[in-house]
Amino acid sequence: MTIAAQDRPRIGWIGVGRMGFQLAARLLDAGYDVAVYNRDRAKAEPLAERGATIADRPADLADRDVVFTMVTDSAALEAVTTGPAAC
């Protein structure tokens with residue numbers, strides 16, 4: 001069974017390091033609408049070349065159906081979800 005593009009959840013992705021980049025890329029390759037945020041924007045730019053939207057801040061992903069986080073540690077998770085850059 002194939003899910004039509006309009007029926008697929010819109011994905012938000014926070015953290016595109018070594019693992020996060022690969023997983024977000026696979027979602028893009030599968031035809032999902034993916035928006036990404038990374039503290040270092042330059043790491044997210046190659047995903048934009050593959051069709052991702054780059055978010056300027058984590059709050060910009062609030063309209064997504066599902067948001068994944070793939071960050072280094074608890075401190076990084078706290079920073080992207082409640083820190084000054086989150087809003």
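Leaving aside its neighbours within four places in sequence, which residues is Arg64 in contact with?

**Entry 1: ground rules.** I am looking at a predicted model, in which local features need pLDDT of at least 70 and side-chain atom pairs count only at pLDDT 80 or more, while totals for chains, interfaces and linings use all residues. I note that residues are numbered from 1 along each chain as its sequence is written, and that side-chain values use heavy atoms, with hydrogens and water left out.

**Entry 2: Arg64.** I found Arg64 in the loop between strand E3 (53–54) and strand E4 (66–69); helices (H or I, at least four residues) and strands (E, at least two) are DSSP runs, numbered from the N terminus. To my opening question I can write that Arg64 is in contact with Arg10, Ile11, Gly12, Asp33, Val34 and Ala35, its neighbours within four places in sequence being left aside, where contact means heavy atoms within 4.5 Å. I then looked up the side chain of Arg64, which reaches the backbone oxygen of Ile11 at 3.3 Å and makes a polar contact with the side chain of Asp33 at 3.0 Å. A polar contact is a pair of N or O atoms within 3.5 Å; within protein, one must be able to donate a hydrogen and the other to accept it, and residues adjacent in sequence count only if both atoms are side-chain atoms.

Is Arg64 buried or exposed? Arg64 is buried because its relative accessible area is 12%, and buried means under 20%, exposed over 50% and partly exposed in between (1.4 Å probe, protein chains only).

**Entry 3: two loop residues.** I turned to Gly17, in the loop between strand E1 (11–14) and H1, and noted it as partly exposed, with a relative accessible area of 29%. Gly17 and Asp40 are 23 residues apart in sequence, and their C-alpha atoms are 9.5 Å apart in space. Asp60 lies in the loop between E3 and E4, and at 32% relative accessibility Asp60 counts as partly exposed. Between Asp60 and Cys87, which are 27 residues apart along the chain, I noted a C-alpha separation of 8.2 Å.

**Entry 4: H1 and H2.** Lastly I looked up which residues make the contact between helix H1 and helix H2. Phe21, Ala24, Ala25 and Leu28 take part from H1, and Lys43, Pro46 and Leu47 from H2.
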